[in-house]
Amino acid sequence: MSGFFKSSIGRKYAMALSAFFLMIFLLQHFAINILSVFSPEAFNEASHFMGTFWAVQYILQPILIFGVVYHFVMGFILEAKNRSARVKSYARNNGGANSSWMSRNMIYSGLAILAFLILHFIDFWIPEINTKYIQGDMSGLLPDGDYRYYEELTHKFVSPLRVGAYVIAFVFLSLHLMHGFSSAFQSVGASSMRKEKLQTFGKAYAILLPLGFIIIALYHHF
């Protein structure tokens with residue numbers, strides 16, 4: 001089994017599994033964030049639960065961090081191997097004729113998403129860790145007795161520069177998902193009979209989910 005995951009096919013399979021995991025996480029993350037548009041109270045309750053429930057904090061959160069790091073590291077490794085393998089083949093034929101621009105440049109959208117994740121961690125995750133585990137405040141409350149999560153969220157989207165960075169990042173995420181979704185299913189051996197349905201679902205996911213996050217950011221800004 002260890003030999004399989006060291007092979008090129010094995011790495012792509014593991015990359016696909018990490019992609020599926022992260023795509024499921026994105027849906028869960030969106031489901032909570034969209035509550036902030038319709039009900040600040042529901043958003044506060046959901047955020048407090050996710051931020052204090054032991055299984056989320058000590059099991060799911062470490063798994064998520066590992067999944068993010070693994071996906072990016074493995075992505076860079078596969079991209080480096082693919083680029084070295086394409087050098088000679090491109091000299092013999094037009095490699096771009098049989099693949100999309102996005103499939104040949106996933107590394108750039110990946111780097112843009114990585115830069116966004118660093119900003120997102122600085123905005124939310126690091127302050128959250130500081131409040132809960134450095135200051136020791138697990139209450140999630142403001143001095144007036146209300147939960148702090150909605151106020152912190154809206155405060156981050158005051159700056160047009162930060163909102164612009166979020167919008168651009170989610171555009172890159174959409175482009176990344178456009179190719180990544182179908183590629184992940186191909187890596188795990190999805191049948192050709194399901195290919196058309198998977199591509200349709202993948203395009204809808206790649207467009208609607210990032211668009212939803214953009215709407216959240218713009219809503220709180222304006």
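Among contacts in the protein between residues at least 6 apart in sequence, 75% join residues at least 24 apart; contact means heavy atoms within 4.5 Å. This is a predicted model, in which local features need pLDDT of at least 70, side-chain atom pairs count only at pLDDT 80 or more, and totals for chains, interfaces and linings use all residues. Residues are numbered from 1 along each chain as its sequence is written, and side-chain values use heavy atoms, with hydrogens and water left out.

**View 1. Overall fold.**
The protein has ten helices and zero strands. Its elements run α-α-α-α-α-α-α-α-α-α from the N terminus on. Helices (H or I, at least four residues) and strands (E, at least two) are DSSP runs, numbered from the N terminus. Of the 222 residues, 34% count as buried. Buried means under 20% relative accessible area, exposed means over 50%, and partly exposed lies in between (1.4 Å probe, protein chains only). The accessible surface comes to about 13400 Å². Carbon and sulfur atoms hold 69% of that surface. Accessible areas come from the Shrake-Rupley method with a 1.4 Å probe; for residues, only the protein chains shown count as cover.

**View 2. A nonpolar patch on the surface.**
Phe21, Phe49, Phe53, Trp54, Tyr58, Ile59, Leu60, Ile63, Tyr133 and Met138 make up this patch. Together they have about 970 Å² of accessible area. Patches are made of residues with over 30% relative accessible area and no salt bridge; like charges are joined within 9 Å, and nonpolar side chains (Val, Leu, Ile, Met, Phe, Trp, Tyr) within 5 Å. Which helix gives the most to the nonpolar patch? Helix α5 (residues 54–92) does, with five residues. Phenylalanine 53 lies in the loop between α4 (40–52) and α5. Phenylalanine 53 counts as partly exposed because its relative accessibility is 32%.

**View 3. Helix α7 against helix α8.**
Helix α7 (residues 106–134) and helix α8 (residues 149–156) pack at an angle of about 145 degrees. Their axes are 11 Å apart. Axes are lines fitted to C-alpha atoms, for helices over the stretch in contact, and angles run from 0 to 180 degrees between N-to-C directions. The crossing of α7 past α8 is right-handed. A crossing is left-handed if the near helix is turned anticlockwise from the far one by less than a right angle, and right-handed if clockwise. From α7, Asp123, Phe124 and Glu128 take part. They meet Tyr149, Glu152, Leu153 and Lys156 in α8.

**View 4. A network of salt bridges.**
Glu128, Lys132, Arg148 and Glu152 are linked in this network. The structure holds four salt bridges. A salt bridge is a side-chain nitrogen of Lys or Arg within 4 Å of a carboxyl oxygen of Asp or Glu. Lysine 132 pairs with glutamate 128, with the closest N and O atoms 3.7 Å apart. Lysine 132 and glutamate 128 are four residues apart in helix α7, so about one helical turn separates them. Lysine 132 counts as buried because its relative accessibility is 5%. Glutamate 128 is buried as well, at 16%. Glutamate 128 also forms a salt bridge with arginine 148 (2.9 Å, N to O). That pair links distant parts of the chain, 20 residues apart: glutamate 128 sits in helix α7, arginine 148 in the loop between α7 and α8. Arginine 148 forms a further salt bridge with glutamate 152, at 3.1 Å between the closest N and O atoms. Glutamate 152 has 32% relative accessibility and therefore counts as partly exposed.

**View 5. The surroundings of arginine 148.**
Is arginine 148 buried or exposed? Arginine 148 is buried, with a relative accessible area of 5%. Arginine 148 touches Asn44, Glu128, Thr131, Lys132, Gly140 and Leu142, not counting residues up to four places away in sequence. Histidine 48 is 100 residues away along the chain, yet the C-alpha atoms of histidine 48 and arginine 148 are separated by 9.1 Å.

**View 6. Leucine 27 and its partners.**
Leucine 27 is found in helix α2 (residues 8–33). Leucine 27 is partly exposed, with a relative accessible area of 45%. Which residues does leucine 27 touch, not counting residues up to four places away in sequence? They are Tyr205 and Leu209. Leucine 27 and tyrosine 205 are 178 residues apart in sequence and 9.5 Å apart in space, C-alpha to C-alpha.

**View 7. Threonine 200.**
Threonine 200 is found in helix α10 (residues 195–221). Its relative accessibility is 52%, so threonine 200 counts as exposed. Serine 182 is 18 residues from threonine 200 in sequence and 9.5 Å from it in space, C-alpha to C-alpha.
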